[in-house]
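Subject: The model, and what turned up in it

Hi,

Here is the structure I promised to pass on. Have a look at it first, and my notes follow below.

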Amino acid sequence: MPARNVPATGEAEERTRDRVLFSVLEDGPVSAAELGERLGFTPAAVRRHLDALSKEGLVEVKLVANQRTGAGRPSRRYVLSHRGQTRMGNDYLDIATEALAELGRAAGPAAIEAFAARRFGEMERRYAPALAGVEGLEQRAEVLSEALSADGFVASTRKVGANSPTATMRSVQLCQGHCPIQELAREFPVFCEMETQAFSRLLGVDVRRLSTLASGGHVCTTHIPVGRNQPPQRAEKRTRIKITKQERPR
């Protein structure tokens, strides 16, 4: 599709800006150049809309390292802000939050925990076939990231400590730039806890949550210690040298 300029006034301007905002939600973290290519807009038009959305507090810039090598200058990528996520269809969460609060009052906190466990248990069952047979934690984390992105969580992975001389220090950070239930998780942190437990079972290793959108973080970040799964290096075999009576120094 050839790049085109977008009308600068009226309803067309607002509709186009909404298209840019939705594309950031769907494809983010995404660069301005990628947005222009996908939407068929000129770079100038895309940047103008991104600037306007940034001023409204609907999108923000995230610096993303090269996913393959981790080298070079991080690229500028756009993600939805908390305000932007709220604008893009999270209104139903007010009703869900109120319903869960009523459930808690009627049946106690254990009922909410059971509900959250069932929700993420279903996610775990859907994701498990994609991870079946995938060897290596880094590869499994990448597959999990792709599955999360397909569900709208805007996930990515980042290697940490790749050049560390100590293998046990190596890890992968699984980041989620969008959370469809962010407001719900803010009221009921057990949803974040159950999601973390599901990740641990899917990956087959203990993981740790470093930050969440629900608690005010820029992204949800899960620490995955890949170095622990490295097989221990075999100790160097030592040969015992036997010295005969004739060879002993006098």
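Helix α7 (residues 137-150) lies across β3, β4 and β6 and runs at about 155° to β3. Helix α9 (residues 190-203) also packs on the sheet, where it touches β4, β5 and β6, and its direction makes about 130° with that of β5. Helices here are DSSP runs of H or I with at least four residues, strands are runs of E with at least two, and both are numbered from the N terminus. Contact means heavy atoms within 4.5 Å. Axes are lines fitted to C-alpha atoms (for helices, over the stretch in contact), with angles from 0 to 180 degrees between N-to-C directions.

Please keep in mind that this is a predicted model: local features need pLDDT of at least 70, side-chain atom pairs count only at pLDDT 80 or more, and totals for chains, interfaces and linings use all residues. Residues are numbered from 1 along each chain as its sequence is written, and side-chain values use heavy atoms, leaving out hydrogens and water.

Now to the sheet itself. It is open, with 4 strands in the order β3-β4-β6-β5 and antiparallel pairing; two strands pair if DSSP finds at least two bridges between them. At the edges are β3 (155-160) and β5 (208-211), each pairing on one side only. Neighbouring strands are turned by 25° against each other on average, direction ignored. Strands β4 (residues 171-176) and β6 (residues 220-224) are joined by 5 bridges in the antiparallel sense, and Q176 stands opposite C220 in β6.

C220 turns up again in the lining of the largest cavity, together with F120, C179, I181, A185, F191, C192, E195 and A214. A cavity is a set of points on a 1 Å grid over the protein atoms alone where a 1.4 Å probe fits but cannot get out, and lining residues have an atom within 4 Å of a point. There are 2 cavities of 30 Å³ or more. Helix α9 gives the largest share of its lining, 3 residues. By class, that lining has 8 nonpolar, no polar and 1 charged residues (Ala, Val, Leu, Ile, Met, Phe, Trp, Tyr, Cys and Pro count as nonpolar, Asp, Glu, Lys and Arg as charged, and the others, Gly among them, as polar).

The second largest cavity has a volume of about 40 Å³. Its lining is made by V24, L25, G28, P29, V79, L80, V154, G177 and H178, with α1 (10-27) and β2 (75-80) as the elements that give two or more residues.

Happy browsing!

Terms used. On a 1 Å grid over the protein atoms alone, a cavity is a set of points where a 1.4 Å probe fits but cannot get out, and a pocket is an open set with protein on both sides within 12 Å along at least five of seven lines; lining residues have an atom within 4 Å of a point. Grid points are joined across faces, edges and corners, and a volume is the space filled by probe spheres set on the points.
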